Structures are given as C-alpha cells and as structure tokens.
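Trainee: I have a model open and want to go through it with you. Can we start with the surface?
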Amino acid sequence: MTLPASNKSRDTSRSGLIVTKITQFIAKMNLAPLPRNYELFFEVLSGHNAAMGRDILALGNSPQQHDVDMIGQKHNLPGFSRMAAAHAATEVAGTIEQISARLAASLERSEALLASISDRPASATTQEYLAELLLDIHHEQASLHNFVRHGLEKIREQENSARRLQTASLKDALTTLPNRAAFLAKLAEIFQGEAEASNCLVLVNVDRFRDINEKYGTAAGNKALRRLAALFRKSIKKDDFVARIGGNDFAFLFSGVSQSTAQSIAERLRHTVENLRFATKEGDGEHLTVSMGVAASEGTASAAELYGHAELALLAARSGARNCVIPYCREVAQRSRNSYLMQIGG
C-alpha cells in the first residue's frame with residue numbers, strides 16, 4: 001500500500017529494507033511477485049498487522065496463491081478485496097450473458113414450434129395437435145421463467161457480495177473504524193476542487209504499545225485498541241473523520257477548524273485517553289497514553305504535504321517525553337528531521 005510521497009525522504013532507509021525483505025519472502029514462499037502479494041507482506045513486515053503475519057506463517061513455506069488471497073480478504077486488504085469485487089462483477093456479466101443466450105434459444109424454439117403449424121396440412125392440424133403445441137410452448141415459457149428468475153437471484157447475490165467486499169476493503173477488521181485506504185481517500189478529497197475551509201489532520205500513536213502486548217499478550221492489546229477506537233468514534237462530530245491507519249496508529253480529520261482549535265481538541269482527547277483504563281487479568285487495569293501530531297491544510301498544496309507535516313509533528317511528540325500534543329511548525333519540522341538523521345546515522 002502506498003504511503004503519501006512526502007514521507008519518502010524520511011523513510012527511504014527503512015522502506016528500502018522492507019522492500020528487500022518483501023522480495024525475499026515472496027521468493028522464499030514460491031509466490032508470484034504480484035502487486036497484492038507485495039501489499040500483504042508490506043503490512044506484515046512493517047508491523048501493521050501481527051495477526052495476519054501469524055496467518056501467513058501458518059500456511060507453511062509454499063502456500064497456494066488462493067490461500068494467500070483468502071488471508072488478504074480476511075484482513076480486508078484493499079488489493080485483495082478489490083480483486084474479489086472485480087471477480088464478483090465478472091460473474092455478474094457472465095450470468096447476464098447466460099440469460100441472454102437462454103432468451104435467444106427460447107425465442108428460436110418458440111418460433112420453430114409456431115412455424116410447424118404452417119408446414120402441416122390443414123387436415124393434420126387437429127385440435128389435439130394444437131393443444132400439444134400450446135403445452136410445449138407453455139413448458140418452454142415456464143422453463144425460461146425459472147432460468148431467468150434464478151439468474152436474477154444470482155446477479156443480486158453477486159452484486160451484494162461485491163458491495164460487501166468494497167465496504168470491507170475500507171474497514172479495519174479489529175476496530176471496525178475506517179482503515180488506512182479509506183483514510184488516504186478521505187485525505188485526498190480535501191484537495192479536490194477549491195478548498196473552502198481549513199481542515200486539520202491529527203496523527204495518533206499509542207505510546208509503548210509493544211510493551212503492553214509483551215506484558216499482557218496480544219489479546220489484551222487488541223482489547224485496548226478496540227476501547228480506544230470506541231472512544232475516538234464517540235469523540236468526533238458528523239463532518240469529522242477517524243480511522244485506524246496502522247497497528248497502534250490512528251488519524252483524525254477535522255473539518256472547518258484552525259490548527260489551534262484542532263490542537264485543543266487533540267489535547268482533550270489525550271487527557272481522556274490518559275484517564276482510560278482497560279482491564280487485564282493481572283489487576284484492576286492499565287493506563288494508556290498517546291502522542292499526537294497536528295497539522296492544518298492551510299498553506300499546503302497536497303494531501304502528501306499535509307500528511308508529511310502531521311507526521312513530522314508526531315515524530316517530535318514521540319521523540320520527547322511522549323503523552324503530548326505537538327502542532328506543526330517549521331522549527332518542529334527541522335528538529336524532527338535532525339532527530340531522524342541522528343537515528344539513522346545521517
């Protein structure tokens with residue numbers, strides 16, 4: 001799955017390693033280098049979906065492409081869901097062709113039956129013969145009716161399946177929030193046409209979430225993510241948007257607000273999360289904290305630029321004490337870039 005282009009300068013080293021690993025895994029598992037396979041292994045190797053990684057490992061060293069496709073669809077990867085939706089659309093077209101062919105054959109059959117009257121001598125066209133002919137035509141029409149009815153039922157099922165797959169391709173399976181693909185599409189909409197109001201993007205990272213998974217297990221971690229998702233869903237207004245865009249990453253899009261207002265909203269969310277507890281077997285519960293980066297669409301020319309600003313702000317929040325909200329500005333961007341270059345030895 002493609003991330004906004006503005007991230008490339010910051011993620012070149014890490015992304016290069018991931019692409020190399022993806023290529024190695026695909027070759028090792030004897031799979032074809034299909035775009036959807038790269039999409040799946042990117043999700044696994046970049047740490048966005050540990051459960052999917054376990055499902056892939058369970059297939060063994062040489063899985064069938066069909067089994068890989070089933071896992072991709074199970075975890076709502078857009079490439080796999082779109083493929084299945086396209087297959088359903090192809091089946092609809094095939095069913096329509098079958099109905100058309102059956103209608104043509106039925107018409108030819110009925111015309112042949114009627115033509116047989118003119119080919120018979122008047123003396124042979126008895127009442128019994130006409131009754132038998134009408135019965136044959138009735139049977140033909142009944143057969144055609146059943147064939148078309150079943151065909152239309154099949155088309156409705158296929159169309160419903162295609163709609164479900166399309167919906168699933170935009171929904172996160174764990175939290176039922178919109179997923180990263182839906183978020184990127186929504187983000188792109190901001191820059192389509194003339195922007196009439198300021199929009200703000202808030203990126204959220206759950207602090208030290210790996211420690212929670214290691215301490216309590218992935219089931220407890222998943223439960224915590226669902227609690228957060230429920231809280232975030234209730235916290236937004238009608239025109240706002242929230243999505244889960246990675247393993248422990250979320251994103252908000254606030255419509256018609258300034259960066260300072262979005263920062264205030266984010267600060268309230270951060271405080272609410274800080275007071276949230278999720279139950280564990282070991283005790284009464286565990287607190288979560290989040291780091292958040294805020295950026296406004298004003299002054300940006302593309303979705304990629306807006307995303308890049310918010311991510312630099314988030315990097316600044318995560319590089320410090322965490323559990324804080326950092327708004328984007330030039331100074332923050334420079335500090336984030338310098339911090340990243342120090343981490344990779346640049």
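Trainee: Which residues gather in a patch of positive charge on the surface?
Mentor: K223, R226, R227 and K234 do. Keep in mind that this is a predicted model.

Trainee: Where is the place of R227?
Mentor: R227 sits in helix α9, which covers residues 218–235.

Trainee: And why does R227 count as partly exposed?
Mentor: Because its relative accessible area is 35%, and partly exposed runs between the 20% limit for buried and the 50% limit for exposed.

Trainee: Switching topic. Where does A301 lie?
Mentor: A301 is in the loop that runs between β6 (290–296) and α11 (303–319).

Trainee: Buried or exposed, A301?
Mentor: A301 counts as exposed, because its relative accessibility is 67% and the cut-off is over 50%.

Trainee: How many residues apart in sequence are A301 and F191?
Mentor: They are 110 residues apart in sequence, and their C-alpha atoms are 7.6 Å apart in space.

Trainee: Now the whole chain. How many helices and strands does the protein chain have?
Mentor: There are 12 helices and seven strands.

Trainee: What share of the residues count as buried?
Mentor: 42% of the 346 residues in the protein chain.

Trainee: Last one, on contacts. What percentage comes from residues 24 or more positions apart?
Mentor: Among contacts in the protein chain with a separation of 6 or more, such residues account for 67%.

How values were computed:
Residues are numbered from 1 along each chain as its sequence is written. This is a predicted model: local features need pLDDT of at least 70, side-chain atom pairs count only at pLDDT 80 or more; totals for chains, interfaces and linings use all residues. Side-chain values use heavy atoms; hydrogens and water are left out. Patches are made of residues with over 30% relative accessible area and no salt bridge: like charges are joined within 9 Å, nonpolar side chains (Val, Leu, Ile, Met, Phe, Trp, Tyr) within 5 Å. Accessible areas come from the Shrake-Rupley method with a 1.4 Å probe; for residues, only the protein chains shown count as cover. A salt bridge is a side-chain nitrogen of Lys or Arg within 4 Å of a carboxyl oxygen of Asp or Glu. Lys and Arg count as positive and Asp and Glu as negative; His and the chain ends are not counted. The place of a charge is taken as NZ of Lys, CZ of Arg, CG of Asp or CD of Glu. Helices (H or I, at least four residues) and strands (E, at least two) are DSSP runs, numbered from the N terminus. Buried means under 20% relative accessible area, exposed over 50%, partly exposed in between (1.4 Å probe, protein chains only). Contact means heavy atoms within 4.5 Å.
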